[in-house]
Amino acid sequence: MRRHNINRLAFGLFVLLVVINFTFAERINIRLLKGSGGKGLPAEGAVLHLTKVSYADLNRIGNTIDWSSARQIELIQDFLVEHFDLQDVEDLFSISLKWDGTKSKLRDRIVDPRRGVLFPIELDIIHVGPNSYEIQIIIAQAGEQLESGQTISRNDLKRLLRGSRSPNQHKIIINDKLTIEKSELSISVVTSGESTYFLALRVDPDSVPEKQSIAAKPKKEFIPISSVLPAYPLELRQKGVRGEVGLKIEVDKGGSVRHVLVTKQLHPYLDNAAVQAVRQWRYEPFLVKGRKVPVSMEFTIRFDPGEWPDDEYKENARATPYPAELARILELGGNYCDLLTNAVLDFTCIETIKETHYYVQPKLFTQVVAIAKGGGKLHYGDKIISYDPRRTERNTYVCDYMLTRTKTKPVEQRLILTKKGRSTNASGPFLKEDRYIAIAPLFASIRVLGKNRQDLFNYHLVGKKKINGIKTSVIEALPKSGNVDGVEYGKLWIDPKDGRILRSEIRGVPLKGFADVLEESTELNVKADFVAIHEYEVEKNNVLFPSRSKINVTYPQRWARYPTRRSPKIKAVISYDQYKFFSVSTSVNIKK
């Protein structure tokens, strides 16, 4: 009996030590990017360190954005392009390593089968102060980069993994030693041949579990302790789209929602919105005889315009006015959007569409997360993304694009001239894809900056940027509700002299044209990242018309080791030239 009690005491001390180590653990967040072109880069073999002391922008990027978010990648890429005038920046990989302070060295490796390379990583970490660390980091590369469109074979991948254990087969691309403060973003710049590598590093405290009280009996009511409402776009409300979305959810021992299954469909956008919202809910752990257990439950979310809170669409005045310069630019931008809204248009141009659609094959990975006393098992299934490269679809269209608008909605037509380089009949066919109508680059900025929309967003003046020789003001637009009719984020490059928009970036899946993306991301239980960037260079009667659009749709990979890796779904580049204008008249003059 005494030996049994001693063992129990020793086990209790072990658990206590584990909890203490977990509480003080750190996350070493690493991201490697590769750039081409540029100015002001270090010489071969030298290392340039970028810190918040010399670059104030790094402080905002490093401290306010979650490391695992796609927004973090974009901010770092924008920062590097702007400060080094790079032609392109490619995100190679991101990894988060846990360090408990007991070991000085950490080792890992990143396998990228899509590029056919492997990156061995080695860190030597010393805690030199309460919030200060000295880190020696070495990143190597094994394997040769594949050409675009190629995929690595299974045998080549096996040989690559075996060769990763031989250091003589590695090419060292980063060997750097630096001192860094906790939660501070640091970027090291290294030039190797024609390429430049950017190592972004940040040390964050590891998550500490909240203390939970243990009850003797399970709670009768199992309701979320924190929840968010799904997006319910005004356009769908006005059309009377209403009904119920049935859901089945799996909640883990900690109260986090692990998986959501749609059991009753309503509308692709609302089905997806319900899943994205419920994935953010948290519950108090469900207790059985004082022990936390995972649970499964079913319920419905009802979408009804008459019952849904409409605070997000009410015109709420700001508590404090915008700064004078920002308010002036918003006024000019609103006037320009009014001009676009009221313009009488009749024109044609040559539209070239180059698009790639990747065929996704969801694979179900199932594991047992609990075994009931009576012998039953609760399974948790997680669908991971897999591709069938044989079904990747690449299309190239050259169209005679026509747009006409008087006092009604715009009427668009796309007469296909060539498809995949082959000429078509002169009288047809027409390209009737809803996705191209939904993109609507000429009117994209109205969704974010129109005067009747400005009360739905919060705006920030984030910098200045030269575009085509014009110094523009860069405005960020964040929906007050998190989502306004499909818009989750907007960025506009505006001429501060007259309010004309030279470039726009809109994030968020449109309500129309991309039902396949919504349905697929709902099934995969992931949030699709939809980015549309439009450039405007053709001018007629004070209106700027689009010259190029870029559409990028990606899914996050649900791999625990690589939380920031994203898989492509759609890539499209659309160019517009050879404009012919028959009528471009406006009823609103731009103030200059």
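**Reading the cores of a predicted model**

Author: The largest nonpolar core has 87 residues, and Leu247 and Tyr459 have the most contacts inside it. Helix H7 (residues 324-342) gives the largest share of this core, 7 residues. This is a predicted model, in which local features need pLDDT of at least 70 and side-chain atom pairs count only at pLDDT 80 or more, while totals for chains, interfaces and linings use all residues. Residues are numbered from 1 along each chain as its sequence is written, and side-chain values use heavy atoms, with hydrogens and water left out.

Reader: What is a nonpolar core?

Author: A nonpolar core is a set of buried Ala, Val, Leu, Ile, Met, Phe, Trp, Tyr and Cys residues joined through side-chain atoms within 4.5 Å. Buried means under 20% relative accessible area, exposed over 50%, and partly exposed in between (1.4 Å probe, protein chains only).

Reader: With which residues is Tyr459 in contact, leaving aside its neighbours within four places in sequence?

Author: Contact means heavy atoms within 4.5 Å. With those neighbours left aside, the partners of Tyr459 include Tyr322, Leu326, Leu330 and Ile475.

Reader: Is Thr196 buried or exposed?

Author: Thr196 is buried, with a relative accessible area of 3%. Thr196 belongs to strand S9 (residues 195-205). Helices (H or I, at least four residues) and strands (E, at least two) are DSSP runs, numbered from the N terminus.

Reader: How many helices and strands does the protein chain have?

Author: The protein chain has 10 helices and 27 strands. Of its 592 residues, 45% are buried.
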